[in-house]
Amino acid sequence: DAGVIQSPRHEVTEMGQEVTLRCKPISGHNSLFWYRQTMMRGLELLIYFNNNVPIDDSGMPEDRFSAKMPNASFSTLKIQPSEPRDSAVYFCASSPSQGVGGEQFFGPGTRLTVL
Amino acid sequence: KNEVEQSPQNLTAQEGEFITINCSYSVGISALHWLQQHPGGGIVSLFMLSSGKKKHGRLIATINIQEKHSSLHITASHPRDSAVYICAVTPMNRDDKIIFGKGTRLHILP
């Protein structure tokens with residue numbers, strides 16, 4: 001298996017633009033997680049899905065952020081409109097377990113820069 | 001006070017030294033995770049444990065549930081072990097989010 005796949009790896013955009021980050025989890029995994037990592041706050045869980053259903057989105061910073069998982073092999077994290085403070089590395093992870101307690105396998109991350 | 005505290009924040013050691021990174025937490029947990037983040041940014045899950053000790057190669061992770069403390073040990077450290085090591089806990093309350101420590105930046109000198 002190729003592991004968790006994220007695209008793009010790097011994204012540079014201007015303030016106000018829409019940004020869409022993509023994730024393909026490991027086949028057969030039941031849970032998918034979106035994280036954000038910044039120097040100031042470290043790693044933060046934004047949202048996670050069990051069996052394609054969003055379970056906990058309390059980590060999503062504000063309404064500008066949305067995430068979807070239309071099927072078991074694909075998820076998106078969208079920021080609209082983007083702001084400079086959204087600049088961070090966004091990681092997607094998947095797990096064969098339900099919920100946050102199982103071992104998670106991380107993707108390579110998307111480094112987002114909002115100018 | 002952070003719910004997950006790691007020490008030290010930064011550690012520089014010579015190749016071959018025995019390394020210990022500590023993690024203390026303040027909540028009841030169902031699991032504790034050790035993650036490794038390489039300079040390139042990729043994150044790898046090293047261990048997930050809820051009791052006792054686990055070993056993988058030169059890495060050993062221990063946890064003491066009563067004391068709410070875990071340690072990650074690296075034997076015969078090597079420059080390729082240079083990375084940020086992150087401790088994370090899964091609270092026992094399943095509605096709580098996973099909580100991350102700030103990480104320990106390890107630099108092994110050749």
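Let me begin with the contact between the two chains, where 17 residues of chain A are in contact with 17 residues of chain B, and let me say at once that what we are looking at is a predicted model. Put together, chain A and chain B bury about 1400 Å² between them, and 58% of that area lies on carbon and sulfur atoms. On the chain A side, the residues that lose the most area to chain B are Leu43(A), Val100(A) and Phe106(A), which together account for 33% of what that side buries.

If we then ask which elements of chain A give two or more residues to the side that touches chain B, they are strand S4, residues 31-38, and strand S5, residues 42-50. Of these, S5(A) supplies the largest share, with three residues. By residue class, the side of chain A that touches chain B divides into eight nonpolar, six polar and three charged residues.

Let me turn now to the disulfides, of which the structure holds two over all chains.

In chain A, the disulfide is formed by Cys23(A) and Cys92(A), with their sulfur atoms 1.9 Å apart. The torsion about the S-S bond of this pair is about -65°, and the disulfide is therefore left-handed. Cys23(A) sits in strand S3 of chain A, residues 19-24, while Cys92(A) sits in strand S9 of chain A, residues 88-95, so that the pair links distant parts of the chain, 69 residues apart. Are these cysteines buried or exposed? Cys23(A) has a relative accessible area of 1% and is buried, and Cys92(A), at 0%, is buried too.

In chain B, a disulfide joins Cys23(B) to Cys87(B), with an S to S distance of 2.0 Å. The link of Cys23(B) and Cys87(B) is left-handed, with -65° about the S-S bond. Because Cys23(B) lies in strand S3 of chain B, residues 19-25, and Cys87(B) in strand S9 of chain B, residues 83-91, the pair ties together parts that are 64 residues apart in sequence. Cys23(B) counts as buried at 0% relative accessibility, and Cys87(B) is likewise buried, with a relative accessible area of 0%.

Key
Residues are numbered from 1 along each chain as its sequence is written. Chains are lettered from A and ligands numbered from 1 in the order in which they are written. This is a predicted model: local features need pLDDT of at least 70, side-chain atom pairs count only at pLDDT 80 or more; totals for chains, interfaces and linings use all residues. Side-chain values use heavy atoms; hydrogens and water are left out. Contact means heavy atoms within 4.5 Å. Buried area is the accessible area (1.4 Å probe) that two parts lose on being put together, summed over both. Helices (H or I, at least four residues) and strands (E, at least two) are DSSP runs, numbered from the N terminus. Ala, Val, Leu, Ile, Met, Phe, Trp, Tyr, Cys and Pro count as nonpolar, Asp, Glu, Lys and Arg as charged, and the others, Gly among them, as polar. A disulfide is a pair of cysteine sulfur atoms within 2.5 Å. Buried means under 20% relative accessible area, exposed over 50%, partly exposed in between (1.4 Å probe, protein chains only).
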